[in-house]
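Hello,

Here is the structure I promised to pass on.

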Amino acid sequence: MQFKVSPLTKIISLSVFLALGFLLVILSCALFHNYYPLFDILVFILAPIPNSIFGSRSYASSDFMSPSSNNGKDLGHFLTGMFVASGIALPLVFYHCQLIGSVSCAMSMIGGLIIYSSIVIFSWFFHSSWENDEDNLFG
Amino acid sequence: MDTDHNDRLFRLPFKLPTFHGIRTFGVYLSGIFYALGFWVFLDAVLYSKYSNASDVHVTFIDWIPFLCSTFGMLIVNSIEKNRLLQGALNSEGGSSFGDVDSNMAWQARSVLFCGFALLAGGLSGSIVVLIIKFLVKDYTSYPTVGMGVNNVLGNIFILLSCVVLWIAQNMEDEYSYSLTL
């Protein structure tokens with residue numbers, strides 16, 4: 001059974017998911033009057049940027065026989081992995097140093113992960129469809 | 001019977017997992033380890049500032065091993081063309097490419113030496129800080145000694161990150177020749 005979801009439905013559900021993530025993180029700050037978890041949003045929003053800047057370069061520049069240089073891609077992967085792990089570790093470190101509470105720590109970590117995964121799922125859904133058919137995007 | 005061991009790396013039937021995405025996975029893992037090391041160290045710094053019950057604090061001296069390890073990792077991993085380097089590390093030129101002359105080999109060896117020395121110096125410096133600043137002065141109970149232990153753990157994670165990155169970048173070279181004409 002081919003489950004065909006229209007791209008508009010995908011966009012709407014992803015944006016609802018993203019808003020849920022933001023809601024969780026902002027609630028985790030506002031309920032306790034403690035604005036340290038906002039650093040978590042910053043880290044998780046910075047996280048997909050290196051992957052997209054250094055992402056898979058097209059084959060236009062490299063020759064057929066030259067060794068494939070992966071340095072840009074590797075740097076992008078390294079920085080993205082570093083930011084995602086930082087985003088998970090930051091609430092835990094703040095909780096251990098008694099800067100925020102445990103509920104706030106859990107909420108901001110889950111909210112940050114929701115934000116990051118919705119950005120990743122968005123680029124995953126629409127990356128291949130842009131390359132394949134550009135006419136059917138809102139059909 | 002003896003020809004059985006020719007094409008295997010280990011004596012026991014044990015194969016390193018090789019699939020196509022393992023290089024990417026290795027680079028991600030290295031980034032995760034580096035972030036873990038950084039945050040474990042930052043845990044010690046923030047703990048010392050905000051919830052410290054004793055009178056020993058994290059000062060700039062504690063940052064020095066971390067900075068050494070980071071610089072060492074940057075230097076070691078900025079050597080490019082690892083494939084050419086393996087010829088340089090083994091013998092004095094004589095590889096089939098002709099690029100590896102002894103000048104570049106000497107430079108590569110000295111840069112690598114500096115990088116590895118900085119890495120090892122960072123780890124041993126953090127152990128020295130732990131011993132001199134905490135253990136000798138009898139701060140041996142948790143969580144106060146946790147500040148020194150976190151410093152050592154952070155440097156160990158950075159060293160692990162550098163090792164995983166080096167292995168991941170070198171591992172692919174045998175399997176990347178998939179030219180289809």
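In chain B, α1(B) packs against helix α5 (residues 144-171) at an angle of about 165 degrees, with 8 Å between their axes. That makes α1(B) roughly antiparallel to α5(B), a label used for angles over 145 degrees, while under 35 counts as roughly parallel, 65 to 115 as roughly perpendicular and the rest as oblique. The axes are lines fitted to C-alpha atoms over the stretch in contact, and the angles run from 0 to 180 degrees between N-to-C directions. The crossing of α1(B) and α5(B) is left-handed (the near helix is turned anticlockwise from the far one by less than a right angle; clockwise would be right-handed). By class, their contact has 19 nonpolar, nine polar and two charged residues. Here Ala, Val, Leu, Ile, Met, Phe, Trp, Tyr, Cys and Pro count as nonpolar, Asp, Glu, Lys and Arg as charged, and the others, Gly among them, as polar.

Before going on, some ground rules: this is a predicted model, in which local features need pLDDT of at least 70 and side-chain atom pairs count only at pLDDT 80 or more, while totals for chains, interfaces and linings use all residues. Residues are numbered from 1 along each chain as its sequence is written, chains are lettered from A and ligands numbered from 1 in the order in which they are written, and side-chain values use heavy atoms, leaving out hydrogens and water. Helices are DSSP runs (H or I, at least four residues; strands are E, at least two), numbered from the N terminus.

Helix α1 (residues 22-50) of chain B also packs against α2(B) (residues 60-77), at about 170 degrees and with the axes 11 Å apart. These two helices are therefore roughly antiparallel as well, and their crossing is left-handed. On the α1(B) side the contact (heavy atoms within 4.5 Å) includes Tyr34(B), Phe38(B) and Phe41(B), and on the α2(B) side Trp63(B) and Phe66(B) are among the residues involved. The contact residues divide into eight nonpolar, two polar and one charged.

Between the chains, helix α4 (residues 71-96) of chain A meets α1(B) at about 30 degrees, with axes 7 Å apart. This crossing is right-handed, and its contact has 15 nonpolar, eight polar and three charged residues.

For chain B, an unreviewed UniProt entry places "transmembrane region" at residues 21-40, 60-79, 111-136 and 148-168; such annotations may be inferred rather than shown by experiment. Residues 21-40 of chain B are 95% helix, with end C-alpha atoms 28 Å apart. Residues 148-168 of chain B are 100% helix, and their ends lie 31 Å apart by C-alpha atoms.

Best wishes
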